[in-house]
Structures are given as C-alpha cells and as structure tokens.
Amino acid sequence: MPRNVHPLTVVQLYTDYLNGLVNGLFSDSRLVSLKGPAPSLRVIACFQDGAFKSIEFGPAAHLFFHQLVEVIERPGGQQVQVQSYTYIFGLSPDREDQSAWLFRYEYERAGNPDKPHAHLHVNGTHGTGQFDYDKLHFPTGRISVEQVFAHVVLEHDVPMRVSKAEAVDRLRESHAGFYERRTDLRLDPPLFP
Amino acid sequence: MRAVTAKNTPTEIEFTAEELDQLVDQESLAALGIKGSEFKRRLMAGELPNDNPRVREIIALIKLAA
C-alpha cells in the first residue's frame, strides 16, 4: 500500500498553502501530492481512498484540481514549477463525477502545436449546432487557481466559510503572489499559440 | 454519494512503480475501459485522444513512475 511520508519539502509547503485556501474558504476537501520513483515530479490532486476526487463546494458543485509539478533547483533554492494543470468545474453532488462539468481550464508548459498552451473548454453547443464548445480550445493566458476560485465565488453562489468580500480579498492577495512567483514570464520564451 | 471530507489526509503519498502501475490500471479501466498495458501501448502508438482530461491524468501517473 502507498506509504505516508512527511518530509518538509517545497511541494509540501505549496500543497499546504493551497489547502489553506481551500479549507479557509470552502470545505475540508484536501489536496495531496502523489510521489513516485521519478525524483522531481509530483501530482497534486484530491486523492482519497485510492481514487481521485474533487474540491467540494457545498453539496452540488465541485472543482476537479490536477497539477503535474516539477521541483526545480534555482539559485535561490528549490521551486515548484507547474508543468500542467487541469481545473474542471462540475455541477454534481458526486465528487468523482467529471461528466457534469461546466468549464475546463487546461495548461501544458511543454505545449502542443495544435492548441494554445493555456486554454478553456466549455461544455455546450452553439445555437446553430455548428460548434461543440467542448472541442474548441479558447486561448487564455496562464491563469491562477485563485482566478478560478474567484469566478466560482462571484458567479456560482457556492456556500463559503467567509463572506464573499473576504473571499475575494484573500484570493486577490494570493493571486498577486502567483504572479510574483511565476518564472515562465521571465525565463521561458513567449507562449504561442 | 456521501460527501467525504478529509482533514486528516496526509499531505504526501508515496507510491512504488508497481503501485503506480495498479493505479494506472484502475484509472485506464475507469476512463477508457482498457487495461494499463493497453493504455501504454496506445500512448506509444499515438492512438490516445489528446483532448481527454482523464487521459492526461493517467499520463501524469506514468510520468511519476519513470
């Protein structure tokens, strides 16, 4: 069986930070990092009882959170670099159900010539029937999970543990930190398409 | 389904390569109805749908085992 390990790693600090946001604002849902033989890679997700689950927003909404991260050695110390993310907002009481999704944000640092590095899918169809929005990759900048949380707070009326104003303030502050920590703006070539 | 909360869930869970193989099996069956070995074959052959988030999750698990 998988073992529980508790080294105070930079990934653990990052995961704890994310859990602080989730547990302070929404629910007791818990993100964990999954570690295998690959020394520098981790998956961060809700993983309980041997299965992937979602961050719970009350009884009928949830966010499936999945990041593949790599620990990078920098002159100032170790840093967590997100290699890919998937954030899927769903409207279902079942935290394992990914079928009742409304939108899906995705990002791949390595990129793919067929689609934008960071993009949005929407679960819907154009009125003419010509376009399935879930098949289209609407380009976005790389977004923070705080931006997704703020959207959920402001537009989906999910139950929260603090007032809406306090939640948005906390998320704004955390989002600013996301921009301060990002290295791809300084070190990587501009992302296209 | 009953909502599950997990304040006591550990922050980090370590898997051996064999345990990750089992998880890849489990997730491949749930997502595509195929075994992990077939998932890996299709991955190498470029036969997997590239827009399925479940596929991306499983590929990430395979990377953890590398």
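This is a predicted model: local features need pLDDT of at least 70, side-chain atom pairs count only at pLDDT 80 or more; totals for chains, interfaces and linings use all residues.
**View 1. Chain B runs in the order β-α-α-α along its sequence.** Of the 66 residues in chain B, 23% are buried. If you look at contacts in chain B between residues at least 6 apart in sequence, 46% of them link residues at least 24 apart.

**View 2. Helices α1 and α3 of chain B pack against each other at about 170°.** Here you can follow α1(B), residues 17–32, alongside α3(B), residues 53–65, with 9 Å between their axes. Angles over 145 degrees count as roughly antiparallel, and α1(B) and α3(B) are therefore roughly antiparallel to each other. On the α1(B) side, the contact is made by B:A17, B:L20, B:D21, B:L23, B:V24, B:E27, B:S28 and B:A31. Facing them from α3(B) are B:R54, B:V55, B:E57, B:I58, B:L61, B:I62, B:L64 and B:A65. Sorted by class, this contact has 11 nonpolar, one polar and four charged residues.

**View 3. Helices α2 and α3 of chain A cross at roughly 165°.** Now we move to chain A, where the axes of α2(A), residues 145–155, and α3(A), residues 164–181, come within 9 Å. This pair, too, can be described by its angle: α2(A) and α3(A) are therefore roughly antiparallel to each other. The crossing of α2(A) past α3(A) is left-handed. From α2(A), the residues in contact are A:E146, A:Q147, A:F149, A:A150 and A:V153. Their partners on α3(A) are A:K164, A:A167, A:V168, A:L171, A:S174, A:H175 and A:F178. By class, the contact of α2(A) with α3(A) comprises seven nonpolar, three polar and two charged residues.

**View 4. A:H119 sits in strand β9 of chain A.** Strand β9 covers residues 118–122, so it is handy to find A:H119 by its number, and A:H119 counts as partly exposed because it has 18 C-beta neighbours inside 10 Å. Leaving aside residues up to four places away in sequence, A:H119 touches A:E106, A:H137, A:F138, A:P139 and A:T140. For a sense of distance, compare A:D49: A:H119 and A:D49 are 70 residues apart in sequence, and their C-alpha atoms lie 31 Å apart in space.

Conventions: Residues are numbered from 1 along each chain as its sequence is written. Chains are lettered from A and ligands numbered from 1 in the order in which they are written. Axes are lines fitted to C-alpha atoms, for helices over the stretch in contact, and angles run from 0 to 180 degrees between N-to-C directions. Helices (H or I, at least four residues) and strands (E, at least two) are DSSP runs, numbered from the N terminus. Angles under 35 degrees count as roughly parallel, over 145 as roughly antiparallel, 65 to 115 as roughly perpendicular and the rest as oblique. A crossing is left-handed if the near helix is turned anticlockwise from the far one by less than a right angle, and right-handed if clockwise. Two residues are in contact if their C-beta atoms, placed from the backbone, lie within 7 Å. Ala, Val, Leu, Ile, Met, Phe, Trp, Tyr, Cys and Pro count as nonpolar, Asp, Glu, Lys and Arg as charged, and the others, Gly among them, as polar. A residue is buried if 20 or more other C-beta atoms lie within 10 Å of its own, exposed if 12 or fewer, and partly exposed in between; C-beta atoms are placed from the backbone.
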